[in-house]
Amino acid sequence: MEFIETKTILSRATHSEEWFGIDYNMNLYKGCCHKCIYCDSRSNCYNIEDFDRVRSKKNAIELLNKELKSKRKKGVIGIGAMSDTYNPFEKKYEITKKALELISYYNFGVSIETKSNLIVRDIDIFKEIQKKADVILKFTITSADDNLSKKIEPNVCVSSERLKAMKQLSKQGLFVGTLLTPIIPFITDTEENIKDVIKLSYENGAKFVFSMGGVTLRENQREYFYEQLDEKFPNLKEKYFKTYGNNYFCYPLNKNIGKIFKEECKKYGLLYKMADIVKAYKKEVKQAEQLTFI
C-alpha cells in the first residue's frame, strides 16, 4: 500500500440534493482495483493516474479528526463516490473503520456506496451513527446474474454476496438500497434483469432502488470499456460505434426500460426518486430533533 500526501480529506458537496443529500465528500483511498468495465471514475476529467492501483491518503485519520472538530455545520459525509472505500486493503488497514468511528464521535451522518460485503464488519458503528445522525448505505448491483456480474465487475464479490450483506444491514434497522447503475446497453438492459434486480433488492431488505439509466463514456473510460468489450463481448464494440458514435451518455434502446423500472419499484413499494429517498432516510432524525425541541 502506497500512502500519498494530501492536505485535506473533506470537501463541501455541490448539488447535494442530486446525490442523496450529502453535505461533504470524502475519499479515503485513491484508485480502485475492482476493474469494473464501465467505471466513470476512470475518466480523464478526474485526474486519477494509474487508476487500477489503490493508494491511501497519508495521515488521513489525523486530518479527518482535525477537520471534523473544526466544522460548525454537522451533516452527511458521502464516502465511496470515486473509489470503493471497502477495497481489499481496507480489511488490513481499517482506514474506513477508523474514519467511521470519528464520524460517529463527532455526530456526523454517513452515505456510502460500495460493491463489497466487507461493509458488514462495521454494522455496530453504523448503528451508533444512526442513533444521532443520518445513515444511508447503497450497494451497486448491475446484474442479477452472478456469472455476468463477475464478468463486468471481476475483482469484487458477486451480486448475490452483496445482496446477503444488504440483508444483514437491513435486519439491523439500517437504511439500505440498490444503485442499479449503470444499465449497460446490450449487456444488462434486458427487462428480465431489471425486474430481477428490483425483486432481489426487495427480498433482501432494500428500501429503495435508484438508477441513472445508461452508461457514460468519455475520454480514457471509453477506451478501457471498448478494450473490455473486445475481450469479453466480441463484436459488441462495433455495435456501440454504430449505435452511439461518440455520445457521452449511452441510453438503452428499449424505451420500455424506464417504465418497467418504475412499475416494478411501485409493485414492491420501493422508493426510486432521489427526493423521496433523501426525505425517507433523514426522516427519523428530523422527527427526533422536533420532539427534543418540543
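User: Which residues of helix 3 are buried?

Analyst: Some conventions come before the answer. This is a predicted model, in which local features need pLDDT of at least 70 and side-chain atom pairs count only at pLDDT 80 or more, while totals for chains, interfaces and linings use all residues. Residues are numbered from 1 along each chain as its sequence is written, and side-chain values use heavy atoms, with hydrogens and water left out. Helices (H or I, at least four residues) and strands (E, at least two) are DSSP runs, numbered from the N terminus. Buried means under 20% relative accessible area, exposed over 50%, and partly exposed in between (1.4 Å probe, protein chains only). An α-helix has 3.6 residues a turn, so residues three or four places apart point the same way. In helix 3, the buried residues are Ile95, Thr96, Ala99, Leu100, Leu102, Ile103 and Ser104. After this helix comes Asn107, with a positive phi near 65°.

User: How many disulfides does a search of the whole structure find?

Analyst: A disulfide is a covalent bond between the sulfur atoms of two cysteines. The criterion is a pair of cysteine sulfur atoms within 2.5 Å. The search finds 0 disulfides. For Cys32, which is in no disulfide, the nearest cysteine sulfur is that of Cys33, 5.6 Å away. Cys36 is likewise in no disulfide, and the nearest cysteine sulfur to it, that of Cys32, is 6.3 Å away. Cys32 is buried, with a relative accessible area of 9%, and Cys36 is buried at 4%.

User: Which strands does strand 6 join, and in what sense do they run?

Analyst: Two strands pair if DSSP finds at least two bridges between them. Strand 3 is joined to strand 6 by 3 bridges, and the two run parallel; here Asn25 stands opposite Gly78. Strand 6 is also joined to strand 7 (residues 109–114) by 4 bridges, again in parallel, and Ile77 has Val110 as its bridge partner. Strand 7 in turn pairs with strand 8 in the parallel sense over 5 bridges, with Ile112 opposite Leu137.

User: What covers the two faces of such a strand, and how is burial read there?

Analyst: In a regular strand the side chains alternate between the two faces of the sheet. Both faces of strand 6 (residues 76–79) are covered: Val76 and Gly78 on one side, and Ile77 and Ile79 on the other, are all buried. In strand 8, Val135, Leu137 and Phe139 point one way and Ile136, Lys138 and Thr140 the other, and all are buried. Strand 8 (residues 135–140) is largely enclosed by the rest of the structure, because 6 of its 6 residues are buried.

User: In what order do the 3 strands of the open sheet lie?

Analyst: The order is 1-5-4, with mixed pairing. Strand 1 (2–4) and strand 4 (29–30) are the edge strands, each pairing on one side only. Strand 4 and strand 5 (residues 55–57) run antiparallel and are joined by 2 bridges, with Tyr29 partnered by Ser56.

User: What is the volume of the largest pocket, and which residues lie nearest its centre?

Analyst: On a 1 Å grid over the protein atoms alone, a pocket is an open set of points with protein on both sides within 12 Å along at least five of seven lines, and lining residues have an atom within 4 Å of a point. Grid points are joined across faces, edges and corners, and a volume is the space filled by probe spheres set on the points. The largest pocket has a volume of about 1200 Å³. Its lining has 49 residues, of which Trp19, Ser41, Ala81, Met82 and Glu113 lie nearest its centre. Strand 2 gives the most to this lining, with 3 residues.

Technical notes
1 Å grid on protein atoms, 1.4 Å probe; cavity = no way out; pocket = protein on both sides within 12 Å on 5 of 7 lines; lining within 4 Å.
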